[in-house]
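This report concerns a protein chain, its division into domains and its salt bridges. Please consider the sequence and the model shown here.

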Amino acid sequence: MDKYMWWQKAVFYQIYPRSFKDSTNNGIGDLKGIISKLDYLKELGIDAIWYSPFFMSPQEDFGYDITAYDKIAPEYGTMDDFKLLLEKSHALGIKMILDLVLNHTSDKHPWFLESKKDQSNPKADWYVWKDGKKKNGKKPPNNWKSIIGGSMWKWNEKRGQFYLHQFLPCQPDLNWRNEEVKQQMFDYIEYWLNKGVDGFRLDIIHTLFEDNKFRDNPKSWRLFPSESSSASLFQNPRYTQFLPETIEICKSIRKIVNNYSPPRMLVGEATREPKAIRSLYGAHNDGLNLVFNFSLCNTDFNPKKITKIIQESESLLPEPYWPCFCLSNHDNKRMISKLGNNEEKMRLFTLLLLSIRGTPFIYYGEEVGMHQVKIPKSQWSDPIAFLKFFKLPIGRFFNRDGCRTPMQWKPVENNAGFSPNSSIKPWLPVPPSLMTQNVETQLNNKDSLLKFYHDLLKFRKNSLALQIGTFSLLSTANEKILTYKRTFGDEKLIIILNFSNKVVEIVNPTIDGFKAFSTKSIIDHNNFVSNIILDKFEGIILDIRS
Ligand code: NOJ
């Protein structure tokens, strides 16, 4: 039997359903729209899709605030649409993973509406409620800060207590210490597995539990989190993140998933501190199958820093553990724009993503180089944009709308072919760059970024070395060059990435092989190289099997 699972070999693609394809002319993406684009995705060469949530929700946080875990939001379609999407995906050999928001519900969820009524109703203990401090009890129970700033506690007058929210106040945390809650959420997991989905992405899974003694978090000097520490907002989240109880739940969910055949998978979203992330895999690789490492999303265009990221990942997650990387997602600025909208640099980063060890996730629109869009204040939608930071709206510095704009299908000014009718204005605006950064235009250009994605994904599909091969970093004399080797059986590949804006020549390399892939030039497969010349920002794959 193959010792590697499908999700180790696969390339995932993230769809933000609201922004992928509108089939009804309401300016909002939907499941039927996605169905109409499955052939495009098959052609692109991806193997699996992660869907951001499309469950019933008031959409205050665009689906990450759920009011019914077993129902499809009507603006996205019906359960029949879901079934068709799953059926068609599977017929094309594309797997489907759903977004599981276990930490919190919407504050409009019937459970919370009941829970907040008083302290003795049947759902009274389904959320994390606590008496406040001070005589009138109106001071928060402790110093815990929510992930997005401000107290993690919100006062509820009727119940006369505070409730806890790790994220927005409209997203109260479920009480995972309550057995009924746990059982109910496990039932939903089985509900979707029984329908045939191939796994789940687990939303902010590291925040599932908090300290049962409600101890204050220690102070920290850090305002923003970093690669080396998850402390932020002047607080170390010791009592609110990565608790042992959270790891136990990851293991329980893994057990549920392991009962299913064909095999299913779990990928967790957690803070970016790699050591903490490692704990969610479980001490015996019996927790989550994968956990996102967001270090590449946050790194500079700097081979030294990237080398450090890879070294750390390799030492924390040696086989059978499996890393998981992406370049952007619906919470992060689009990578190409972090790189100054430079396509050559984006190609280099994409080759990196698809050739290091681990499961890669591509964010929708990345393949045509969609830019981060500057959204005018009158069109802000992201709830975080409206929160205040030192009296100024956060949206002035950070707004997730910019990476969530409609997929650019065609060179159509008003909506990039997102809605069938070109006069429809989509829920978020499209940028002028859509005239070149779109699917139709790039499919007709053999030198386009999209064609590069096609070629690279095809190369990877035929290369077990890239999918599951062993990984080793190679040293080079030039500090602007990053080089590593992937090996599987007879297949031996050397990947060389030139991060400098100059042509680089590697004279008399100790290896002989042929250039099998390049981010730039056309490949001559018979051309054995002894001197390797890399153009500025060029990345190549050298095949050295002999
Ligand atoms: C992380 C999700 O990726 C983000 O979009 C969401 O707002 C929060 N979790 C809260 O669910």
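The text below treats the domains, the interface of two of them, and then the salt bridges.

**Basis.** The model is predicted, so local features need pLDDT of at least 70 and side-chain atom pairs count only at pLDDT 80 or more, whereas totals for chains, interfaces and linings use all residues. Residues are numbered from 1 along each chain as its sequence is written, and side-chain values use heavy atoms, with hydrogens and water left out.

**Domains.** The assignment divides the chain into domain 1 (6–105 + 179–457), domain 2 (106–173) and domain 3 (470–543); such bounds come from an automatic or database domain assignment. Between the C-alpha centres of domain 1 and domain 2 the distance is 28 Å. Their contact involves 35 residues of domain 1 and 29 residues of domain 2, where contact means heavy atoms within 4.5 Å.

**Interface of domain 1 and domain 2.** The two domains bury about 2,600 Å² between them, and 60% of this area is on carbon and sulfur atoms. Buried area is the accessible area (1.4 Å probe) that two parts lose on being put together, summed over both. On the side of domain 1, the residues that lose the most area to domain 2 are Thr105, Phe214 and Leu233, which together make up 24% of what that side buries.

Across this interface there are 18 residue pairs in polar contact, both residues being at pLDDT 80 or more. A polar contact is a pair of N or O atoms within 3.5 Å; within protein, one must be able to donate a hydrogen and the other to accept it, and residues adjacent in sequence count only if both atoms are side-chain atoms. On the side of domain 1 that touches domain 2, the elements giving two or more residues are β4 (68–72) and α6 (179–195). Of these, α6 gives the most, with five residues. Helices (H or I, at least four residues) and strands (E, at least two) are DSSP runs, numbered from the N terminus.

**Salt bridges.** Side chains of opposite charge can pair when their charged atoms come close. The rule applied here requires a side-chain nitrogen of Lys or Arg within 4 Å of a carboxyl oxygen of Asp or Glu. By this rule the count comes to 25 salt bridges, and the count between domain 1 and domain 2 is one.

| Pair | Closest N and O atoms |
|---|---|
| Lysine 108 and glutamate 60 | 2.8 Å |
| Glutamate 248 and lysine 251 | 3.1 Å |
| Aspartate 535 and lysine 520 | 3.3 Å |
| Lysine 71 and aspartate 70 | 3.8 Å |

Glutamate 248 and lysine 251 are three residues apart in helix α7 (residues 244–258), and therefore separated by about one helical turn. Glutamate 248 is partly exposed at 43% relative accessibility, and lysine 251 is partly exposed at 23%. Partly exposed denotes values between buried (under 20% relative accessible area) and exposed (over 50%), with a 1.4 Å probe and protein chains only.

Aspartate 535 forms a salt bridge with lysine 520. Aspartate 535 lies in the loop between β22 (532–534) and β23 (539–543), and lysine 520 in the loop between β20 (513–518) and β21 (528–529), so the pair ties together parts that are 15 residues apart in sequence. Aspartate 535 is partly exposed at 33% relative accessibility, as is lysine 520 at 29%.

Lysine 71 has a relative accessible area of 41% and is partly exposed; aspartate 70 is partly exposed at 22%. Finally, Asp61, Asp331, Asp382, Arg400 and Arg404 are linked in a network of salt bridges.
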